[in-house]
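Please look over this protein before reading on. The report below takes it part by part.

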Amino acid sequence: LTQPQFVQLMETFVGQDSSLPTVKRLIAFIKEEYKQTEEEKMEQLEKVHRMSRAAQRKLLLEALFEKWDSNGHGFLDLEEVDAVLSRFMGGMKKEALMKAKARLCSQYPQLSRVEKVSPKAFQTFLELIASEFPGNEDETIDNLVQFLTTSVEQSHRESLQSLTRRKWLQDIQQAAETGGASMESVYKAVFKVISQDAEAHGGNKKISAYIALLEENQLSAEQGRVLLRYVACTAEDAPYVLNQALHRDMKGISFAAVDEGKPIHVPRVQLHGNIHFWNSDHPVEERTGSFLVLPLYDARWRVFGVLGLDTLRDQCEKTIFLTHEIIFYQGVSYAFSKAYHHICTRENVLQMAVSALGWLYPRTPSIHMVTMYLVEPAKDKALCKMITTDNTGQTEIHSSPALLLKEENLLRDYLFRCTDSLEVALTPVRGEQHIAVPLHDLSRQALGIFDISIGHHKKLPPQEQKDLQKMLKMVQAACLEILWRSLEETEPTDVLEAERVANVRHPGFLFHRFMLQDLRECV
């Protein structure tokens, strides 16, 4: 038990109405009776040592990945990593390297297709190499890290530029973590980063930028199965670009970037002949500049849209995107993709929770209200109020969610204790009994919390309590499934027929799917 969990357990055990002498007697009893054997103590110390060693290794390998990925791409080229590793120990261990690479590719099948190594795959690769060497694995990892660190050299100027750009890319992720479940703040962060970099490292270019996402073409199938919908762009281009749809039979190179999965750079658009201009008011003779399209990848390296940039509004001569700029924009596209899928995952959790609450309410008339919060890690575990359901079953997803900070909401301290301990908390608030139930992520960190008000009841009737517990159990299971689906290692598994129809993967199905599976197991 962690300290918050132990405190929560004791508070639940003594109850809300226990006197101070009773609490003191319990403390004295536990102090007297709790004894740890030498075997238990050694086992606990060994566990702490293993966890500490694993955490140190993780930090070490993350730092190494960042040093190699100086432009914030979010991935490394497998061929480049392989070439450098082949020189480790003078190239004496090539057989071990080949075995480790084969094992890596079996764990990450997409590597044979895209040859891009994610941070987790990079860590796995080095651990697999170390396991193929005789002797102490930790020592081999340390030697590998030292060798790979010295293999990457940067000038002072490059190092400063890399640090600045990394900070800007982190701003995109922070926008995703502090914006409830809204994409608007992420779009703004992306365009701000592009503008900042153009001013600091791009010769003060005037850059137009836009984001287009693939969607199913339901109105004109003869123009192609999918289209690119422009969902965001820089302010000056909004009247011409925003909400436009690019089809495959139209002029443009964006679908080539989608199909090839590689950036496409047109240094001089006036010489290309296959560029689509959304602003028809722009004179033909002034349609000059550079154009860049970068594919956006999901966690399994499938393209789901494009990030486009051009310098058509810049009348200066030097408007061509340079290599270091193109490399940085790849980092921007990765940061956006990561932020986008973070928001999508949160939205999926919310939609699944709405389905669960819809199932619960007809069965539990004693519940007066349920409020669901999501934890915002970037705000020191602030709580973002996302869903409210009243005693009629009416559910509202808040488009502009209120943010709860611990120091400003003393009456809701039980919510923060619940997220710290990951234990259920029961407490009266203004005469109403509240049950706070945590929702955790894959690493057992607080992801969200249900605040359930049962009015003046001390507890729910037995059947309602049973239904509530079942709902919460299925919500947690469905939540973990949603989080697993967002990872690169897994492919989703369909169970219900509705999940297969037209490739629909609506998160609302997940709750009912887990309910069905639980029912099957009970029958």
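A salt bridge is a side-chain nitrogen of Lys or Arg within 4 Å of a carboxyl oxygen of Asp or Glu. The model shown here is predicted. In it, the side chains of E236 and R313 form such a bridge, at 3.8 Å from N to O. E236 sits in the loop between β4 (226-233) and α11 (238-241), and R313 sits in the loop between β8 and α13, so the pair ties together parts that are 77 residues apart in sequence. E236 is partly exposed, at 47% relative accessible area. R313 is also partly exposed, at 29% relative accessibility.

Now take D69 and R166. Their side chains meet in a salt bridge of 3.9 Å, N to O. D69 belongs to the loop between α3 and β1 (76-77), while R166 belongs to helix α9 (residues 156-177), so this pair links parts that are 97 residues apart in sequence. Are these two residues buried or exposed? D69 is buried, because its relative accessible area is 6% and the cut-off for buried is under 20%. R166 is buried too, with 17%.

## A bridge inside one helix

E46 and R50 also form a salt bridge, and their closest N and O atoms are 3.9 Å apart. Where do they lie? Both are in helix α3 (residues 38-68). They are 4 residues apart, so about one helical turn separates them. E46 is partly exposed, with a relative accessible area of 37%. R50 is partly exposed as well, at 43%.

How many salt bridges are there by this rule? The count comes to 22. Some share partners: R53, R57, E127, E137 and D138 are joined into one network this way. Side chains of opposite charge can pair when their charged atoms come close.

## The overall build

Step back to the whole protein. It has 523 residues, and 45% of them are buried. Its secondary structure comes to 16 helices and 15 strands. The C-alpha trace spans about 85 × 60 × 50 Å along its principal axes.

## The largest nonpolar core

In soluble globular proteins, nonpolar side chains tend to be buried together. Here, the largest nonpolar core holds 37 residues. Those with the most contacts inside it are I367, M372, F450, I452, L468, M471 and F511.

Which elements give two or more residues to this core? The helices are α13 (323-360), α15 (462-485) and α16 (507-522). The strands are β9 (369-376), β10 (382-389), β14 (432-440) and β15 (446-453). The largest share comes from α15, with 9 residues.

## Patches on the surface

D77, E79, E80 and E115 gather in a patch of negative charge. E80 is part of helix α4 (residues 78-85). E80 counts as partly exposed, because its relative accessibility is 48% and exposed means over 50%.

The other patch is nonpolar. L1, F6, V7 and L9 make it, and its area is about 390 Å². F6 is found in helix α1 (residues 3-14). At 38% relative accessibility, F6 is partly exposed.

## A buried tryptophan

W301 lies in the loop between β7 (291-297) and β8 (303-310). Is W301 buried or exposed? W301 is buried, with a relative accessible area of 8%.

Compare its place with that of T150. In sequence, W301 and T150 are 151 residues apart. In space, they are 30 Å apart, C-alpha to C-alpha.

## Positive phi angles

N204 has a positive phi of about 60 degrees, although it is not a glycine. N204 is in the loop between α10 (184-201) and β3 (208-216). N204 is exposed, with a relative accessible area of 53%.

N243 also has a positive phi, near 70 degrees, and is a residue other than glycine. Where is N243? N243 lies in the loop between α11 and β5 (245-246). At 54% relative accessibility, N243 counts as exposed.

Note on methods. Residues numbered from 1 in each chain as written. Predicted model: local features only at pLDDT ≥ 70, side-chain atom pairs only at ≥ 80, totals over all residues. Heavy atoms only, no water. Patch = residues over 30% accessible without salt bridge, like charges linked within 9 Å, V, L, I, M, F, W, Y side chains within 5 Å. Areas by Shrake-Rupley, 256 points an atom, 1.4 Å probe, with all protein chains shown as cover. Lys, Arg positive; Asp, Glu negative; His and termini not counted. Charge placed at Lys NZ, Arg CZ, Asp CG, Glu CD. Buried < 20%, exposed > 50% of the residue type's maximum accessible area, 1.4 Å probe, protein only. Core = buried A, V, L, I, M, F, W, Y, C linked by side-chain atoms within 4.5 Å.
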